[in-house]
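Visitor: I would like to learn how to read a model of this kind, feature by feature. Could we take one feature at a time, with the general idea before the case?

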Amino acid sequence: MNVGSRVPLHELMGVREVAGGLLLVPPGVAGRVADGLRLRLVARELGPGRWEAVTPGSSDVLVARRRPAGGGSPVLVKCPRTREAVRALVRERDAVAVLASELRSPGLRGLLPETVDSRLGGWPPVLVQGVLPGVPGDVLLSRRPELAGRLTASAFGVLDELHGATGGLSRDGRLVDGWLGHRLAVLSDRVRWCRGAEGTAGLLALRSYLRRELTGRPVQVARTHGDFTPGNLLLRSPDPDGPPPAVTGLVGWGESLADGPAVVDRASFALDLGRLLDGRSWGEQLVTALRTGGLHRPETGELPLSGALSAWLWHVSGRLEQSRRFARDRDRLRKVLVPVLRELAGSGSDSGPGPGPRIGP
């Protein structure tokens with residue numbers, strides 16, 4: 001099917017799932033029209049080919065699977081819808097390129113998405129990547145939640161190999177200031193509530209606690225993924241009585257750091273497991289961790305409170321920086337962001353703010 005021809009776009013939207021387990025949700029009429037125009041422009045840039053699936057959804061990045069004309073391997077075509085999304089894809093592309101050049105392990109390099117074509121500086125901006133095999137971890141868990149422990153073991157095995165190959169211990173307080181400064185500023189800049197008295201008090205308390213915990217003692221510093229969640233992990237679906245599911249790909253490198261705090265990746269995985277398996281938001285889990293002094297899950301074991309708070313800060317600031325939609329989603333901010341800062345500020349509200357406080361951008 002060639003998007004350049006006059007084919008109704010709803011035919012492109014009918015695919016329920018593509019390789020890699022990407023679930024498809026048809027957009028509204030306006031979004032469908034805009035995405036159709038975007039794909040037609042991209043098709044002209046990339047040349048002849050056949051669109052096999054499109055993932056519209058509400059993301060700021062339109063993702064499509066396309067097979068070149070004349071055969072050949074399919075590719076993923078990522079079309080950013082906003083300037084923030086363009087910047088995120090640039091960061092992802094560059095982080096993967098640097099990491100691929102640094103890693104000596106063929107096994108780790110094979111988990112990285114290959115950049116086939118990059119035109120993020122042009123119009124329309126587009127990034128083309130090779131298709132990695134496997135099913136995303138969140139999709140696998142939705143089908144077989146009993147695999148959570150074995151899936152976590154596989155994920156942490158890859159994580160230990162990555163951090164071991166790229167990291168070491170550090171006591172450098174300047175690294176900590178660099179980690180925290182930008183991310184705290186994003187929260188303050190993008191969310192109105194964070195600039196009020198209660199939000200400011202929470203941010204100051206967060207900075208004070210993390211700086212104290214991460215400075216003056218050895219901290220493992222390594223190449224961090226930055227968004228290490230089951231959904232960014234591709235796995236081969238295992239046999240019921242076989243070994244743990246094998247990791248076949250690791251995607252979503254837009255928040256990666258060459259010298260980040262390694263604990264962020266483990267804690268991000270644990271918090272997203274809580275969201276997927278227990279239906280508890282990251283904010284709800286963090287409030288519990290603040291009251292109990294740590295983050296514990298049977299699959300991941302005990303993780304320090306500083307790691308949980310760092311992962312939460314990476315997660316929230318990353319979403320705010322990648323998409324302005326997040327800053328306008330007041331309901332989500334009330335669940336994920338506000339309760340944590342309120343707890344840190346000492347107000348101790350379980351339910352989050354009422355309808356009165358203004359928390360938008």
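Visitor: Which residues does Thr 229 touch, not counting residues up to four places away in sequence?

Guide: In this predicted model, Thr 229 touches Ser 268, Phe 269, Asp 272 and Trp 282, once residues up to four places away in sequence are set aside. Its place is in the loop between β10 (219–224) and β11 (233–235).

Visitor: Does Thr 229 count as buried or exposed?

Guide: The reasoning needs one cut-off, since buried means under 20% relative accessible area. Thr 229 has 7% relative accessibility and therefore counts as buried. For the protein as a whole, 50% of the 361 residues count as buried.

Visitor: Where does Gly 167 lie, and what does Gly 167 touch?

Guide: Gly 167 lies in the loop between α6 (148–166) and β9, and with a relative accessible area of 38% this glycine is partly exposed. Not counting residues up to four places away in sequence, Gly 167 touches Val 221 and Ala 222. The C-alpha atoms of Gly 167 and Arg 223 are separated by 6.5 Å, although the two residues are 56 residues apart along the chain. On the scale of the protein, residues 24 or more positions apart account for 68% of the contacts with a separation of 6 or more.

Visitor: How should I read a sheet, and which order do the strands β9, β10 and β13 have?

Guide: The general idea is that in a regular strand the side chains alternate between the two faces of the sheet. Here an open sheet of 3 strands has the order β9-β10-β13, with antiparallel pairing. β9 (168–170) and β13 (257–261) stand at the edges, and because each has a single partner strand, one side of each is left without a neighbour in the sheet. From one strand to the next, the twist averages 45°. Between β10 and β13 the antiparallel pairing extends over 3 bridges, and Ala 222 stands opposite Gly 260 in β13.

Visitor: How many bridges join β14 to β15?

Guide: Strand β14 (residues 294–297) and strand β15 (residues 301–304) run antiparallel and are joined by 4 bridges. The hairpin that connects β14 to β15 passes through 3 residues, and Arg 297 stands opposite Gly 301 in β15.

Visitor: How is a nonpolar core read, and which residues of the largest one touch the most other members?

Guide: In soluble globular proteins, nonpolar side chains tend to be buried together. The largest nonpolar core has 45 residues, of which Leu 187, Leu 206, Leu 309, Trp 312, Leu 313, Leu 337 and Leu 341 touch the most other members. Helix α11 (residues 305–322) gives the most to this core, with 9 residues. Apart from this core lies another, of 25 residues, among them Leu 103, Leu 151, Ala 155 and Trp 253.

Visitor: What span should α11 have?

Guide: At 1.5 Å a residue, the 18 residues of α11 should span 26 Å, and the end C-alpha atoms are 26 Å apart, which agrees. This helix is mostly covered, with 15 of its 18 residues buried.

Visitor: At roughly what angle do the axes of α8 and α14 cross?

Guide: The axes of helix α8 (residues 197–214) and helix α14 (residues 338–345) come within 7 Å and cross at roughly 75°, and the two helices are therefore roughly perpendicular to each other.

Notes. Residues are numbered from 1 along each chain as its sequence is written. This is a predicted model: local features need pLDDT of at least 70, side-chain atom pairs count only at pLDDT 80 or more; totals for chains, interfaces and linings use all residues. Side-chain values use heavy atoms; hydrogens and water are left out. A nonpolar core is a set of buried Ala, Val, Leu, Ile, Met, Phe, Trp, Tyr and Cys residues joined through side-chain atoms within 4.5 Å. Buried means under 20% relative accessible area, exposed over 50%, partly exposed in between (1.4 Å probe, protein chains only). The expected span of a helix is 1.5 Å times one less than its number of residues. Contact means heavy atoms within 4.5 Å. Two strands pair if DSSP finds at least two bridges between them. Axes are lines fitted to C-alpha atoms, for helices over the stretch in contact, and angles run from 0 to 180 degrees between N-to-C directions. Angles under 35 degrees count as roughly parallel, over 145 as roughly antiparallel, 65 to 115 as roughly perpendicular and the rest as oblique.
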